[in-house]
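Subject: Structure handover

Hello,

Here is the structure you asked about. Please open it alongside this email.

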Amino acid sequence: MAPDTFLALDQLTRRFGEHLAVDALSLTLARGEVLALLGPSGSGKTTALRLLAGFERPDAGRVLVEHVDVTALPAARRRFGMVFQHYALFPHLDVGQNVAFGLEAIGAPAGDIRRRVSEALEQVDLAGLERRRIGELSGGQQQRVALARALAPEPRVLLLDEPLSNLDPTLRERTRRELREVIRRIGITTVLVTHEQDEAFELGDRVALLRAGRLEQVGTPADLYGRPATPFVATFIGRASPVPVMVERGVTGVLRLRLPGGGLWTLTPEQETGREIEGPATLYARPEALRLGTGTDGAAPGIITSLRFAGASSLFGVRLALGHEVEVAAPLGSAQVGESVGILPSRRGLGGMHLFAPEAR
Amino acid sequence: MNRHSPGAVLLGVLLALLLTWLVVYPIGIVAADAVRGVDGFTLEGFRAFLARRNEWQALWGSVWISLATVVLSAGIGVPLAVFFTRYDFPGRRVLAQLVALPAVLPPLVGVLSFLFLWGETGFAARLVQRLTGSPDPPWRLQGAGAILFVHAYSMYVYFYLFVRAGLRGIDASAYEAAESLGATRWRTFSRVVLPLLRPALAGAALLVFLSSLASFSAPYLFGGGFRVMTTQIVSTRLNGDDRLAMVETLALTAIALVGLVLVRWVDADGIIGGSKGAPPAARPIASRRARTVLASIAWLLAGFLLLPHATLLLVSLVPLGTWTNEALPPAYTLGNYVTLVSDPVRSRPLFTSLWMAIVATAGAVAIALAIGALVVRRRVPTARLLEWLVALPWAVPGTVFAIALATAFSVHAPALLRFILVGTPVILPLAYLVRNLPLSGRAMLAGYRRLDPAYEEASASLGAGGARTMRRVVIPLLRSSLVAGATLAFVAGFGDFVTSVLLYTYDTRPISLEIMGSLRSSDVGVAAAYGVVLMCVSAAVFLATAEREPGG
């Protein structure tokens with residue numbers, strides 16, 4: 001564990017009956033770092049957050065804050081602030097009383113509480129709303145009150161459970177930016193759970209991708225997109241479709257991919273992130289790593305089956321000769337649905353060609 | 001909260017033991033006494049029970065009266081609920097509330113008002129006599145018909161309230177979906193609405209069946225020669241044949257449990273209100289004439305349903321000995337109420353009932369709150385047992401329960417955990433507490449299940465400990481469930497007759513017994529005045545809970 005580690009999850013494991021919800025999960029955060037736990041539903045990200053908060057006890061593993069084991073500490077004594085998915089604002093208390101709740105629980109003096117409540121509300125742009133009833137607030141305001149309430153007692157760690165999922169899409173983007181600003185300004189170590197890539201990428205310094213309770217990969221958004229550790233990461237982050245290929249390595253380090261149904265692609269070293277694979281492999285190619293090149297040598301023949309307009313370049317669905325489907329990004333009008341085309345690697349060395357062993361998942 | 005704290009587990013075990021001791025153990029003792037002879041085990045009691053024709057008659061009487069009550073109550077309550085939910089006409093809101101008013105008459109008070117209204121010397125009979133000039137009363141309010149009449153009047157309310165709540169839980173889109181699929185109104189009702197109402201119907205049917213099986217006041221006062229099990233048990237006991245009374249008690253319990261199991265089985269895969277949202281708005285009746293006719297019928301019906309209440313009020317104003325054979329009482333006074341307050345002998349039962357009901361309610365609510373937390377949140381190992389123990393007294397008829405307590409706690413055997421409580425002021429509050437525990441227990445369990453655990457987690461994550469979370473978050477959020485559970489338990493205890501009649505002492509004589517006493521000494525004015533007090537307390541309590549109902 002690095003010496004500057006502030007928060008650490010060490011081999012955390014939690015099972016519900018036969019089901020392993022979180023499986024030996026280890027992660028570390030530096031002080032002030034924001035980590036996004038990303039994954040499909042059922043991947044264990046919420047359970048991981050609840051283990052961190054102290055609402056669940058792990059079957060094995062530890063949670064450490066500044067190298068001190070807090071696993072046995074009940075939630076009430078962990079000093080972790082949490083924003084709940086549905087906020088869980090106390091409906092029988094007003095905004096000020098909600099924000100004051102945590103300060104009262106730690107026994108802050110009354111005058112102090114009043115000042116800190118108004119500071120916390122100011123921080124989230126809700127100054128002066130102390131006496132408002134919770135039911136009178138909009139969804140966005142409730143979200144900010146929940147944040148103010150969690151931050152008021154100055155917790156060591158901030159936990160966010162799908163913090164934006166309850167907001168409508170137009171509000172979500174704005175609230176996301178505001179949330180990021182508040183977190184950065186305070187500089188609090190934060191773990192957030194989300195199933196939205198955009199949210200994870202914008203809020204997280206690093207993103208941990210979970211599947212079936214296990215950590216698939218952790219890294220910056222660019223790492224996850226550019227160097228996926230597993231086929232799951234390659235397909236969950238961004239678009240990529242699997243095609244079985246034969247990998248041949250030339251003596252000069254030049255790499256050749258033989259595609260099913262014809263096609264022989266030559267890749268420059270910077271175009272592939274396939275490690276040392278040779279022989280049969282599965283290729284996950286990003287749409288922008290491919291181009292349409294009819295009649296060119298080595299092009300894999302296919303037929304355009306679908307066309308989706310996506311701004312600057314459109315996404316062409318192409319069925320290769322043996323039935324495998326790939327997506328190619330190209331300017332609108334490059335081809336028509338039903339047209340026969342050839343597929344080639346993009347000329348720009350953008351990466352986006354990921355090779356994995358055929359049995360990898 | 002996946003791991004149980006040792007304290008929670010211990011409390012769960014202690015509560016389970018306490019309830020087992022108070023609920024299961026006494027019934028077990030009844031069962032043991034039923035087979036205990038002079039020299040050990042004997043089935044003599046059962047043999048006597050099976051051999052006697054009148055025992056069979058009483059058992060059969062209980063069963064068919066209860067089934068008939070279910071059918072009659074459903075026949076009245078369901079159409080009323082549909083009518084008042086679906087159709088709009090002038091005065092609908094007020095009438096929809098008035099129709100539920102029989103609920104504010106505690107069983108004994110309802111019976112009392114029926115006696116004054118429909119009895120052979122009641123207002124209705126006198127009116128008919130005056131119109132026909134006949135010297136004899138036109139009818140006698142006695143036998144199975146009279147019991148059914150009282151039952152249907154007081155119990156259709158369960159169907160009415162349950163079905164109305166059920167209809168309100170069906171989203172408008174369910175009707176619209178059926179309509180867009182080409183279903184006729186009848187098809188929509190039979191294929192969509194009825195299945196969605198099944199839990200409400202099953203719940204109401206069970207409640208009516210058990211209430212009517214346990215009904216004591218109506219058969220006691222109107223049964224005449226007609227036998228049902230509850231009155232049979234009391235008379236057997238008064239005759240001194242304790243063993244036979246035990247067997248009868250077991251037989252009645254068995255029928256109640258069969259009813260409970262049957263309904264649970266029918267409703268096992270009950271659909272839990274799948275849709276959330278708004279029910280369709282009540283449909284205004286287009287034709288002006290139909291609207292007028294329906295509104296008039298509805299008002300007449302409401303007036304009819306309110307007659308017993310009015311009767312009670314009227315009789316309570318009659319001075320002692322002034323009303324003999326006139327159609328309406330010739331003189332009115334508030335003297336009966338003054339007596340209730342000023343005469344210490346008269347006012348004492350009021351205070352006795354009040355303190356016993358308050359103590360019992362406080363105890364029941366505290367136990368219910370603890371059980372809610374242990375069962376729903378902590379999921380202690382004894383959770384299922386606790387939930388079952390809390391529900392059980394509900395299925396056990398009041399007579400059975402009183403007999404069981406009277407049997408178990410009239411012996412001093414500390415080693416067997418049997419103490420002499422009968423004859424002490426403890427027994428009645430204790431009986432009320434346990435008997436009405438299902439009312440507060442169900443309310444708290446339901447409230448806890450609706451309460452999002454995130455509130456408690458939020459409180460914990462803000463540094464609040466268990467006690468603080470309970471005081472500042474859980475209790476305020478469960479307030480409506482607490483109030484509902486407490487008021488139901490209080491009303492039931494305050495007006496209780498069936499357990500009191502078997503367990504009271506002179507010092508703990510509650511209102512219901514005083515009503516019976518006044519009635520026996522022909523002091524109908526005072527009896528009615530007590531009845532009005534009970535009715536008003538119930539009404540106030542129901543009004544208070546009804547207002548809070550929409551809250552979380």
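In β7(A), which residue is the bridge partner of F80(A)? The partner is V157(A).

Some ground rules before the rest. This is a predicted model: local features need pLDDT of at least 70, side-chain atom pairs count only at pLDDT 80 or more, and totals for chains, interfaces and linings use all residues. Residues are numbered from 1 along each chain as its sequence is written, while chains are lettered from A and ligands numbered from 1 in the order in which they are written. Helices (H or I, at least four residues) and strands (E, at least two) are DSSP runs, numbered from the N terminus.

The six-stranded sheet of chain A

F80(A) belongs with an open sheet of 6 strands. Its order is β6-β7-β8-β3-β9-β10 (chain A), and the pairing is mixed. Two strands pair if DSSP finds at least two bridges between them. Strands of a sheet pair through backbone hydrogen bonds, either parallel or antiparallel. β6(A) and strand β7 (residues 157-161) of chain A run in the parallel sense over 4 bridges. The edge strands are β6 and β10 (214-219) of chain A, each pairing on one side only. From one strand to the next, the twist averages 20 degrees.

R77(A) sits in the loop between β5 (68-69) and β6 of chain A. R77(A) is partly exposed, with 14 other C-beta atoms within 10 Å. The cut-offs: buried is 20 or more other C-beta atoms within 10 Å of a residue's own, exposed is 12 or fewer, and partly exposed is in between, with C-beta atoms placed from the backbone. R77(A) and I106(A) are 29 residues apart along the chain, yet their C-alpha atoms are separated by 9.4 Å.

Two glutamates deserve a look. E154(A) lies in the loop between α4 (139-151) and β7 of chain A. Its phi is near 50 degrees, a positive value in a residue other than glycine. E154(A) is partly exposed, with 14 other C-beta atoms within 10 Å. E162(A) lies in the loop between β7 and α5 (169-186) of chain A. Its phi is also positive, about 40 degrees, although E162(A) is not a glycine. E162(A) counts as partly exposed, with 19 C-beta neighbours inside 10 Å.

Other strands of chain A

An open sheet of 5 strands has the order β13-β12-β11-β14-β20 (chain A). Its pairing is antiparallel. The edge strands are β13 (264-267) and β20 (353-356) of chain A, and each pairs on one side only. The twist here averages 40 degrees from one strand to the next. Strand β12 (residues 255-258) of chain A pairs with β13(A) over 4 bridges. L255(A) has L267(A) as its bridge partner in β13(A).

There is also a hairpin. Strand β1 (residues 5-16) and strand β2 (residues 19-30) of chain A pair in the antiparallel sense over 8 bridges. R14(A) is bridged to V22(A) in β2(A). The hairpin has 2 residues between the strands, and G17(A) takes a positive phi near 65 degrees.

Where the chains touch

Contact means that the C-beta atoms of two residues, placed from the backbone, lie within 7 Å.

The core

The largest nonpolar core has 267 residues. Such a core is a set of buried Ala, Val, Leu, Ile, Met, Phe, Trp, Tyr and Cys residues joined through C-beta atoms within 7 Å. L37(A) and V163(B) have the most contacts inside it. Among the residues that L37(A) touches are K45(A), L49(A), V191(A) and L210(A).

Regards

Definitions and conventions. Axes are lines fitted to C-alpha atoms, for helices over the stretch in contact, and angles run from 0 to 180 degrees between N-to-C directions. Lists of a residue's contacts leave out its neighbours within four places in sequence.
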